[in-house]
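Here is a short report on one protein chain.

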Amino acid sequence: MSQMIDPISSEIFERKPYLQNYFKNFQSEYRWELLPAKKTGEYYVSLDGNPLSSSFSPLTQATRLVDSYSLKPTDVVILLGLGNPHLISLVSEALAPGQILIIIGEDETLIPVMWDQFLKPVLQVPGRHLFSGEMFYPLFFNYLESLPIERVSGLKVIRNPTDTNRNPIYKELEEKTQNVFSAKMSDLLTKFEFERLWIKNSIFNLVHAEKKPPVKKPISLLRDKFQGLTAVLVSAGPSLRKNLSWLQDVRDKVFVFSCDTSLKVLIKAGIRADGVVTLDAQTNSFFHFMGESLEKIPLFADLVSSPTLLREPMFQTVVHSVTAKYQVDAEGSLVREVTAGGELAEQVFADIGDIQSGGSVATTAFDMLRFMGFGTIYFLGQDLAYSGREIHSTGTHHNEKWLTQVNRKNSLERTNEVIIRKRETRFVPSASGKTVLTDYVLDLYRHWFEESATSVKEMTLWNVNEDGAEINGIPSLTPAAAKEKLNSVPNHNYPWRELSIWSEKISNINNQKKEKKTTDKVDALIQNGSERLFYKIKTDLDFMESKLKEFEVNLDGINESNSSSPSFQESEIWLWMQSESYLRRLVRKTEIYLLRHKDLDTKRKNQIMFQSIRKEIRYLKRSLYPMMDAFPEKG
């Protein structure tokens with residue numbers, strides 16, 4: 001306990017409260033000791049009498065190991081194993097204050113043993129973190145998930161060999177860490193490519209939310225509306241076509257929720273989906289709906305979805321949502337991160353509804369079903385693999401397009417094979433107990449479903465699949481077994497068709513009055529919010545242009561007097577842009593570029609930022625000004 005009351009430890013615990021938990025007198029089957037090495041002033045860790053590093057000169061061993069790594073200032077560094085205490089000190093000294101170093105151990109009771117002499121000095125430095133023992137690993141992954149990935153360029157893992165060779169937990173932790181980091185880097189690259197498009201689409205869709213047809217509704221109107229009911233989430237994996245007869249047999253017992261890619265397959269099989277989900281910000285998604293009669297199927301669309309699709313009268317209703325990620329940081333606080341442009345949604349839809357996503361339409365659709373309160377979900381066509389070395393089920397838009405390219409020299413099988421061979425593939429366990437080919441991206445989605453399955457204990461999940469990848473936590477069923485499970489489920493009689501999202505004509509009088517009151521209120525909010533948002537964005541852009549011009553004029557005066565240039569990123573207009581996050585996100589790529597090129601002088605940094613801001617203002621204006629006829633000028 002003495003360690004907890006000295007001033008330095010108290011200061012560390014104030015900044016990193018979770019560290020106090022290591023001093024709660026944990027019991028352990030291991031005997032940890034910090035012992036002096038043969039070389040004076042050096043120490044090593046002993047486990048049950050066995051040294052976990054050199055007992056002669058652990059400092060020399062640590063120095064050689066650290067020298068073998070090239071550590072950049074923008075790297076996140078993870079140290080696996082605490083057996084060589086000098087390794088902790090040397091790695092910390094090799095990094096800049098504030099640079100992230102995560103120290104991973106295997107047992108809680110080792111920390112008090114090493115605290116005063118080795119851990120306390122390192123953990124005083126900003127950016128240093130410690131997670132040791134099974135109880136603290138979830139906290140480690142929460143912290144990893146909340147890392148500001150835009151500030152880092154890579155991940156370096158340093159291993160104390162005696163620890164990592166002895167205990168397999170380190171290999172398991174490293175694999176999971178690499179997966180999380182890869183997913184975050186992939187997410188960042190996706191943001192680089194699409195964030196400005198997401199913002200433009202969100203603004204367009206919000207400003208036009210009151211336009212009819214189609215009628216726009218927030219998914220919040222359906223929160224927990226379907227408790228106790230069963231749904232089938234239909235994806236477009238190759239196994240879909242062989243299991244369509246099962247879905248036809250159980251149609252009257254389930255709510256059919258289709259991903260956009262699988263909708264045409266269902267229509268050709270004579271199955272009318274109860275809803276279809278789209279997520280694509282580009283107009284490519286339009287091809288999944290072309291040529292079909294869809295007036296009776298609501299479109300569930302993320303706010304970033306292509307405006308070209310959402311303004312088409314082929315749908316009676318569009319149900320909007322925003323993608324938001326909730327995670328707990330190392331301090332235990334809940335952090336909400338919404339997709340770029342989604343932060344503007346509350347100005348039009350007071351409560352639009354947050355949906356979590358793993359990056360694919362199927363992951364978004366799954367969380368929508370959870371949001372709507374379904375108790376049991378069956379997955380159909382969720383292969384997450386190239387079953388039979390095919391990419392999609394026949395009947396999808398992709399297959400229709402490829403069939404037009406079939407000739408004597410180019411078969412459909414060859415088209416699939418060419419695409420598969422361009423991807424980073426691997427074999428994973430299949431639902432039938434064999435193996436099946438998948439790729440890096442599909443495997444990320446599989447891991448997302450596996451993580452989600454552990455967090456929705458109140459739901460029952462089944463995977464109707466014999467060909468695709470095995471999804472841990474979601475048991476696989478044959479169509480016959482799935483049909484047997486549904487035998488005891490009564491026919492639902494389509495209760496959702498009584499809601500205004502599915503039909504403007506509500507048969508039940510009580511429902512009609514309640515629904516009409518809610519709908520009228522929502523429609524009024526949307527109309528007023530759309531107009532306010534239009535004028536707000538127009539005002540924001542005009543204000544930013546004027547302030548940018550003002551800053552440049554002042555800068556010219558300073559340059560003439562040969563004084564040093566002030567940084568734009570310390571100006572009042574930059575601080576204001578931070579409060580308007582949709583504007584700040586437009587220049588995220590430029591901001592990260594400047595963070596990673598600290599050698600540039602202030603004048604050059606200002607020039608780069610000015611060019612970027614002006615480019616984004618022009619980009620938004622081209623999207624905004626065609627909307628000018630949406631509202632009459634005031635005055």
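## Buried share and basis

Of the 635 residues of the protein, 54% count as buried. Buried means under 20% relative accessible area, exposed means over 50%, and partly exposed lies in between (1.4 Å probe, protein chains only).

This is a predicted model: local features need pLDDT of at least 70, side-chain atom pairs count only at pLDDT 80 or more, and totals for chains, interfaces and linings use all residues. Residues are numbered from 1 along each chain as its sequence is written, and side-chain values use heavy atoms, with hydrogens and water left out.

## Overall build

The protein has 21 helices and 20 strands. These are DSSP runs, numbered from the N terminus: helices are H or I with at least four residues, strands are E with at least two. The radius of gyration is 28 Å, close to the 26 Å from the globule rule for 635 residues, so the protein is as compact as a globular protein of that length. That radius is taken over C-alpha atoms, and the rule is 2.2 Å times the number of residues to the power 0.38. Along its principal axes, the C-alpha trace spans about 85 × 75 × 60 Å.

Contact means heavy atoms within 4.5 Å. Among contacts with a separation of 6 or more, 70% join residues 24 or more positions apart.

## One face of helix α2

Helix α2 covers residues 7–15, and S9, I12 and F13 are buried there. Seen down the axis of α2, its buried residues fall within an arc of 95°, so they line one face of the helix. The arc is that of the directions from the helix axis to the C-beta atoms. The face turned away from the buried side carries the exposed residues P7 and E14.

Why can one side of a helix collect such residues? An α-helix has 3.6 residues a turn, so residues three or four places apart point the same way.

## Two buried residues

N201 lies in helix α8 (residues 169–207). N201 counts as buried, because its relative accessibility is 2%. Leaving aside neighbours within four places in sequence, N201 is in contact with A281, L303, V304, S305, S306 and P307.

F366 belongs to helix α12 (residues 361–372). F366 is buried, with a relative accessible area of 2%. Not counting residues up to four places away in sequence, F366 touches several residues, including L233, F379, W448 and M459. The C-alpha atoms of F366 and Q356 are separated by 9.0 Å, and the two residues are 10 apart along the chain.
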